[in-house]
Amino acid sequence: MFAVWLLITAYAFTKGVRFVEAFSLPISLCAGIFVGFLADYLRKYIEKPAYHVIAMAIVIAMVCFVPVSSANTLSNSVVPGTDDAMVDSLSWVKNNTDQDTVMTSWWDFGHLFAAKADRGVTFDGGSQNNARAYWVGKALFTSDEALSAGILKMLAASGDDGYTTLENYTNDTSKTVEIMDKILVTNKTAAQSILTSQYGLTTQQAQSVLQYTHPTNSTPSVLVTSMDMVSKAGWWSYFGSWNFTTGNSTNYIYSMAQAGATSSGSTVNITGENNVTVQITGNNITGGLQVSQNQVAPPHRLIIVTNGTTAVDTVVNNDSTFSILVIYQDNNLITVAMNRELEDSMFTRLFFMQGSGLTHFKLANKEPSTGISEVMVWDVS
């Protein structure tokens, strides 16, 4: 019986680490039975009871040492999955937003949002393997502010219903995405005209779609951008830039680091730990990536943001594949190198450039309130 039990649970374990609990149960029971057999064996061959107790104590210590030692090592290596900035932000959301507000971010913190902020979420560990990955990723990756806000408002109001209803009429995911890109950036009347005149939907079909994409009573929506999403850019940009025609995509990434500034005569030199270097001499600003002692690779675009205001934004080299961003905020200086595809992304404009020049996103709260904020909460309109 134990052999069959072990084989079944061992096979399940190969399909997912979550089955380790089921696998550990017959192992533990077998270990207990083994110790019982061993106790009988020792009692038979060790005549003095005191020696029998000592022998059993040694056996139990040997059996327990490895799992206890491993558990201790593992527990000491575990770090919190969140921090004060995130928890304080979620407490702010709970205390300062309507009960029906829906929160959006990348999926990792979805369950934490629901538990700590007591608000609905569009994306979590239970929905990260469906179309939400594309739409939330696109809201972060696109450079179109109106489209990003339209996606977020649609997801908050009706979840998947908008694009799934449309796809029932198009039977073509690529065409569905093309249409959604057009109707989410405009009002309901114009969107209905696009659906009927450009794509041949009937008025009834168009209205069936628009009740989800452009609801009469919109649901309050907030977007959370956080420091962890910088390192996760490879994932949200991959899904958000998916090409449904070719069936592939590309990962785009950031390299963010602390930086220092030194002066030499009238020149200020900014050097980041990610090899970003920038020189400022009056109105003359140059910079790039230090690829060797005497060579600096020029960026496509050089952006400098000072205390939430874009001070410099210039195209340097149209052939370059990366861009440079320097952020000075409350005496804290960081440098960011990124794929040029990310330079105008909504995440870059929200998190790094702190929403400068945006109209559909209003900063509602940030933690900490000074320096480079780790978590920002945005009202979406």
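## Close-up views of a predicted model

**View 1. Strand β14 and its two partners.** Strand β3 (residues 221-226) and β14 run antiparallel and are joined by 6 bridges. Helices (H or I, at least four residues) and strands (E, at least two) are DSSP runs, numbered from the N terminus, and two strands pair if DSSP finds at least two bridges between them. The model is predicted: local features need pLDDT of at least 70, side-chain atom pairs count only at pLDDT 80 or more, and totals for chains, interfaces and linings use all residues. Residues are numbered from 1 along each chain as its sequence is written, and side-chain values use heavy atoms, with hydrogens and water left out. Opposite Val222 stands Asp379 in β14. Strand β13 (residues 361-367) is also antiparallel to β14, again through 6 bridges. Here Asn365 has Val377 of β14 as its bridge partner. Strand β14 (residues 375-380) is mostly covered, with 5 of its 6 residues buried; buried means under 20% relative accessible area, exposed over 50%, and partly exposed in between (1.4 Å probe, protein chains only).

**View 2. The sheet that contains β14.** The open sheet has 5 strands in the order β2-β1-β3-β14-β13, and its pairing is mixed. Its edge strands, β2 (120-121) and β13, each pair on one side only. In a regular strand the side chains alternate between the two faces of the sheet.

View 3. Glu367 and Pro368 are joined by a cis peptide bond, with omega at about -10°. Pro368 has its place in the loop between β13 and β14.

**View 4. The sheet of 9 strands.** This open sheet runs in the order β8-β7-β6-β5-β4-β12-β11-β9-β10, with mixed pairing. Strands β8 (295-297) and β10 (309-315) are the edge strands, and each pairs on one side only. From one strand to the next the twist averages 30°. Within this view, strand β5 (residues 267-272) pairs with strand β6 (residues 276-281) in the antiparallel sense over 5 bridges. Gln279 in β6 is the bridge partner of Asn269.

**View 5. Two asparagines with positive phi.** Asn307 is not a glycine, yet its phi is positive, at about 50°. Asn307 sits in the loop between β9 (301-306) and β10. With a relative accessible area of 42%, Asn307 is partly exposed. Asn331, likewise not a glycine, has a positive phi of about 65°. The loop that holds Asn331 lies between β11 (322-329) and β12 (332-339). Asn331 is exposed, its relative accessible area being 68%.

**View 6. Helix α10 against helix α11.** Helix α10 (residues 188-198) and helix α11 (residues 203-213) pack at an angle of about 135°, and their axes are 9 Å apart. That angle makes α10 oblique to α11. Axes are lines fitted to C-alpha atoms, for helices over the stretch in contact, and angles run from 0 to 180 degrees between N-to-C directions. Angles under 35 degrees count as roughly parallel, over 145 as roughly antiparallel, 65 to 115 as roughly perpendicular and the rest as oblique. The α10 and α11 crossing is right-handed; a crossing is left-handed if the near helix is turned anticlockwise from the far one by less than a right angle, and right-handed if clockwise. From α10, Lys188, Ala191, Gln192, Leu195 and Thr196 meet Thr203, Ala206, Gln207, Val209 and Leu210 of α11, where contact means heavy atoms within 4.5 Å. By class, this contact of α10 with α11 has 5 nonpolar, 4 polar and 1 charged residues. Ala, Val, Leu, Ile, Met, Phe, Trp, Tyr, Cys and Pro count as nonpolar, Asp, Glu, Lys and Arg as charged, and the others, Gly among them, as polar.

**View 7. Helix α8 against helix α11.** Helix α8 (residues 161-170) packs with α11 at an angle of about 160°, with 7 Å between their axes. That angle makes α8 roughly antiparallel to α11. The crossing of these helices, α8 and α11, is left-handed. Asp161, Gly162, Thr165, Leu166 and Tyr169 in α8 make contact with Gln205, Ser208, Val209, Tyr212 and Thr213 in α11. The contact of α8 with α11 comprises 4 nonpolar, 5 polar and 1 charged residues by class.
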